[in-house]
Amino acid sequence: MVENRPLLTFFSHLALIIGISFIALPVWLAFVVSTQEASALFSGQVPLWPGEHFIENYSSILFEGEKNSGAPPILLMITNSLVMAICVAVGKITISIISAYAIVYFQFPFRQAIFWMIFMTLMLPVEVRILPTFEVIAQLGMLNSYAGLTIPLIASATATFLFRQFYMTIPDEMIEAARMDGAGPIRFFIDILLPLSRTNIAALFVILFIFGWNQYLWPLLVTTDASYYTVVMGIQRMMAVPDSDPIWHYVMATAILGMIPPVIVVVTMQKLFVKGLIETEK
Amino acid sequence: MSTVTLKDLKKTYANGFQAIHGIDMEIRDGEFIVIVGPSGCGKSTLLRMIAGLETITDGELMIDDRRVNQVEPGKRDIAMVFQNYALYPHMSVYDNMAYGLKIRKKSTEEIAQQVNRAADILEIGALLDRKPSQLSGGQRQRVAMGRAIVRDPKVFLFDEPLSNLDAKLRVQMRIEIRKLQRALKTTAIYVTHDQVEAMTLADRLIVMNGGLPEQIGSPMELYDRPATTFVAGFIGSPAMNFIPVRVDKKGATFPSGQNLNFSVPSGHENVLLGIRPEDIEITTPDLADLTLKVSVIEPLGADSLIYGSCEGMKEDLVVRVRDKATVQEEETFSVRFNQQKLHYFDPTTNSRLP
Amino acid sequence: MQKQVRFDNKVLPYLLVAPQVLITIIFFIWPASQSVYQSFLVEDPFGLSSEFVWFANFEELFADSTYLDAFGRTLLFSFSTAFLAISMALFLAIMADRVIRGETLYKTFLIWPYAVAPALAGVLWFLMFNPTIGVIGFGLNALGYEWNHYLNGWQAMVLVIVASAWKQISYNFIFFLAGLQSIPKPLIEAAAIDGAGPAHRFKTIIFPLLSPTTFFLLVVNLVYAFFETFPVIHATTQGGPAKATEILVYKVFNDGFIGLDLGGSAAQSVILMIIVSGLTVFQFKYVEKKVTY
């Protein structure tokens with residue numbers, strides 16, 4: 001702070017608190033609704049304070065699911081989401097870290113072409129190639145499987161670029177010293193490069209975990225079998241009940257449960273998260 | 001305990017740039033060789049070719065009697081100390097030194113023994129558990145040397161290892177490197193751009209210029225009988241003075257038109273006369289070889305440097321005198337050259353005249 | 001781009017890039033080229049035969065007023081979302097940069113929405129605006145303003161914009177805060193000594209220095225609004241009422257997956273690919289290097 005202006009400081013705090021309240025309000029109200037019983041939501045009153053059906057609603061949705069819309073128990077969906085998020089994050093990191101290694105540390109024919117091909121994935125989000133991708137997955141028999149949910153998502157230009165960028169900052173002498181010490185390419189990668197990349201891997205993991213968890217269109221396409229639903233897409237099945245209102249307290253309980261894991265990851269690993277976010281955009 | 005032989009060694013980069021034009025040399029067992037030259041002269045390239053970090057375009061490189069042109073750096077049985085030390089940041093000092101031995105599948109006991117021996121020699125035993133980031137510049141330098149000596153290699157390679165240290169530490173480490181190499185009797189090749197380092201460390205030194213060795217020899221040989229104007233100007237500080245001299249039937253003259261009091265090699269119309277600042281003395285006008293006018297005086301304590309201008313010459317002549325200068329700025333003074341220490345060069349080829 | 005010092009190995013690099021390359025070809029390049037190919041075909045209603053028709057699908061699209069409407073709607077939606085998300089984030093970042101006490105706490109409370117899936121963000125705001133049990137929807141109705149996004153297209157649009165922007169605020173906030181904190185303090189202090197007050201300093205020093213960040217965020221937010229907001233719409237309004245929230249990505253999905261108009265949907269895909277390619281190249285060429293964090 002350059003100068004002391006109590007009024008301005010007070011105003012800043014006030015603005016931040018209002019901003020935070022605005023941002024938190026929808027989640028608070030979702031939580032409130034998730035603890036009501038069905039009848040309370042038809043009473044013509046807007047509930048602002050949690051009701052008394054927290055345990056009842058949540059245990060019902062977690063372990064039984066919502067029969068009306070054919071949604072399986074949310075616990076299953078959470079497990080699916082977890083599997084998907086972890087596989088996507090680990091898969092993306094694994095294939096990116098090795099392909100970046102090849103691109104930076106080796107000279108080989110088509111190196112440039114491969115780099116540009118990886119770059120092109122940035123330009124082809126799933127939203128613009130929905131139908132043919134669906135056909136590929138169907139032909140490969142990957143519908144309704146964890147493989148179908150995860151493998152097609154693990155190609156990643158962003159992660160490859162991040163590692164490439166990071167490798168470029170490692171002084172050349174590091175590889176030279178390793179070569180003098182007698183280390184070949186694989187030992188150098190495992191003994192030197194991988195340990196040096198630890199923070200980057202962790203930061204990337206946070207970002208990619210969220211990316212994987214929050215996938216929506218992809219699981220929507222790949223899963224028709226409810227036992228492969230993920231939370232984020234499963235909620236759509238609960239919202240889109242033909243000719244009737246969604247069962248709000250169940251939908252909101254699902255929404256709350258669906259956001260808790262990634263929010264916990266972001267909040268507890270805030271530093272890594274911010275680092276990952278900023279680095280991946282470089 | 002090894003020899004290194006370079007036979008017409010050449011390096012041409014993919015873009016066509018020829019960095020090394022063909023070097024022949026025999027490095028004797030236990031010898032300390034310093035490669036010195038300005039930046040871009042190819043000295044680092046040459047060292048890296050010996051290390052195996054740069055491919056050899058042509059010629060032969062032998063360590064002992066083995067041709068190693070195609071041998072991986074790790075299998076040449078050499079060790080290298082890098083300019084920025086290149087310590088592995090995530091490993092402790094111990095692991096940094098042990099890494100090369102681990103890769104060579106030495107037993108844990110042998111590794112421990114070797115590392116401890118090296119740590120004793122370099123007095124870094126107390127630092128073994130630390131990470132490189134917790135060390136000072138001088139300590140890192142020692143660890144880098146430790147990493148080289150644990151392997152007990154045939155040849156040590158040093159790539160400007162002292163240039164990241166401050167002046168005082170540099171002098172201290174320079175002496176230590178010399179002592180260490182004497183004690184271990186390992187052949188060493190050392191690259192630097194600092195001629196003082198080169199002079200003080202080398203058994204023999206190679207002065208490189210434009211990808212070619214200008215001269216190879218002991219420091220005093222190079223100082224006393226530089227083969228080219230380049231070597232003459234590079235070795236010795238302050239650098240040798242050069243005075244263009246014209247020779248005709250009447251005799252030799254300075255650019256000022258003054259006649260020389262001594263003879264110059266015959267058969268050349270123009271000759272470059274070289275004289276070191278320490279080989280010029282101030283004298284009385286009747287004994288003068290040349291008269292100068294003081295432009296700047298630099299007192300260095302033990303010595304003083306007097307920069308004097310001379311009619312017809314673009315650059316000032318530098319004169320080194322003991323103690324304080326006896327002349328004042330703007331004053332005119334007479335100097336005499338030490339006749340035993342005159343050097344003559346051909347101004348067209350820049351090489352020494354006999 | 002690449003190291004000067006490299007390993008020589010004939011096989012290893014190919015093995016290292018193989019997984020990435022295979023996945024890219026099978027799941028990215030191949031389907032995308034299928035889209036391009038499809039966009040030149042017209043299939044008969046039973047999918048039995050198809051005919052190569054060059055750009056007929058594209059011509060049809062650009063003659064189709066519903067497509068052009070969707071285009072305009074997408075622009076309106078994207079710029080509104082970007083503007084809302086960026087301005088809110090900038091304001092909050094400036095405030096957070098000003099306060100010394102509690103900065104980390106505020107930061108934590110402001111960044112978590114990044115973790116909320118767009119689909120869930122949509123669902124949360126769908127509830128907020130619900131005419132009977134949502135605070136805003138109910139409140140507006142109680143105040144005499146008739147709110148029903150099930151029937152009113154504009155209101156549905158407002159709903160999806162707010163939900164999309166809400167989720168993006170934290171992303172922008174992080175970048176703005178990083179940008180603000182990278183401004184050298186002496187610069188601000190020098191201005192203060194020159195007598196510039198906080199507002200004046202913001203206008204003449206801080207904002208100009210933040211402009212690369214702002215520009216970068218504008219591009220990122222537009223890409224987000226164009227493509228990543230599909231879940232917001234799909235989970236809530238489903239493009240309705242009466243296509244009032246049908247943006248381009250939603251239309252591709254709807255026409256292709258639900259309407260089974262393969263050629264038309266493929267042509268739309270190709271147009272979207274061109275847009276996203278353009279934005280990506282733009283971002284890399286003009287934005288990436290100038291952003292200061």
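A residue is buried if 20 or more other C-beta atoms lie within 10 Å of its own. The exercises below apply this and related terms to a predicted model.

**Exercise 1. Strand 8 of chain B**

Determine how many residues of strand 8 of chain B are buried, and which strands pair with strand 8.

Solution. 
Step 1. Strand 8 of chain B covers residues 187-192. Apply the burial criterion to each face of the strand. On one side B:Thr187, B:Ile189 and B:Val191 are buried, and on the other B:Ala188, B:Tyr190 and B:Thr192 are buried, so both faces are covered.
Step 2. Count the result. Six of the six residues are buried, so strand 8 of chain B is largely enclosed by the rest of the structure.
Step 3. Find the pairing partners. Strand 3 of chain B (residues 32-36) runs parallel to strand 8 and is joined to it by five bridges. In this pairing, B:Phe32 stands opposite B:Ala188.
Step 4. Strand 7 of chain B (residues 155-159) is likewise parallel to strand 8, with five bridges between them. Here B:Phe158 has B:Tyr190 as its bridge partner.

**Exercise 2. Two antiparallel sheets in chain B**

Give the strand order and the edge strands of the five-stranded and the four-stranded open sheets of chain B.

Solution. 
Step 1. In the five-stranded open sheet of chain B the order is 14-18-15-16-17, and the pairing is antiparallel.
Step 2. An edge strand pairs on one side only; in this sheet these are strand 14 (280-283) and strand 17 (317-322) of chain B. From one strand to the next, the twist averages 50°.
Step 3. Check one pair inside the sheet. Strand 15 (residues 290-299) and strand 18 (residues 332-337) of chain B run antiparallel and are joined by four bridges. B:Leu290 of chain B faces B:Val335 in strand 18.
Step 4. The open sheet of four strands in chain B has the order 2-1-4-5, again with antiparallel pairing. Its edge strands are strand 2 (18-27) and strand 5 (66-67) of chain B.
Step 5. Check the pair at the strand 5 end. Two bridges connect strand 4 (residues 58-63) of chain B with strand 5, and the two strands run antiparallel. B:Met62 has B:Arg67 in strand 5 as its bridge partner.

**Exercise 3. The interfaces of chain A**

For the contacts of chain A with chain B and with chain C, state the number of residues involved and the elements that contribute.

Solution. 
Step 1. Between chain A and chain B, 14 residues of chain A are in contact with 17 residues of chain B. On the chain A side, helix 8 (172-180) and helix 9 (185-196) are the elements that give two or more residues. Helix 8 of chain A gives the most, with six residues.
Step 2. Sort that side by residue class: eight nonpolar, one polar and five charged.
Step 3. Between chain C and chain A, 81 residues of chain C are in contact with 79 residues of chain A. Helix 1 of chain C (residues 12-38) gives the most to the chain C side, with 19 residues.
Step 4. The side of chain C that touches chain A divides into 63 nonpolar, 14 polar and four charged residues.

**Exercise 4. The make-up of chain C**

Describe chain C by its elements, its extent and its burial.

Solution. 
Step 1. Chain C has twelve helices and two strands. Read from the N terminus, the order is α-β-β-α-α-α-α-α-α-α-α-α-α-α.
Step 2. The C-alpha trace of chain C spans about 75 × 75 × 30 Å along its principal axes.
Step 3. Of the 293 residues in chain C, 44% are buried.
Step 4. Among contacts in chain C between residues at least 6 apart in sequence, 70% join residues at least 24 apart.

Terms used. Residues are numbered from 1 along each chain as its sequence is written. Chains are lettered from A and ligands numbered from 1 in the order in which they are written. This is a predicted model: local features need pLDDT of at least 70, side-chain atom pairs count only at pLDDT 80 or more; totals for chains, interfaces and linings use all residues. Two strands pair if DSSP finds at least two bridges between them. Axes are lines fitted to C-alpha atoms, for helices over the stretch in contact, and angles run from 0 to 180 degrees between N-to-C directions. Two residues are in contact if their C-beta atoms, placed from the backbone, lie within 7 Å. Ala, Val, Leu, Ile, Met, Phe, Trp, Tyr, Cys and Pro count as nonpolar, Asp, Glu, Lys and Arg as charged, and the others, Gly among them, as polar. A residue is buried if 20 or more other C-beta atoms lie within 10 Å of its own, exposed if 12 or fewer, and partly exposed in between; C-beta atoms are placed from the backbone.
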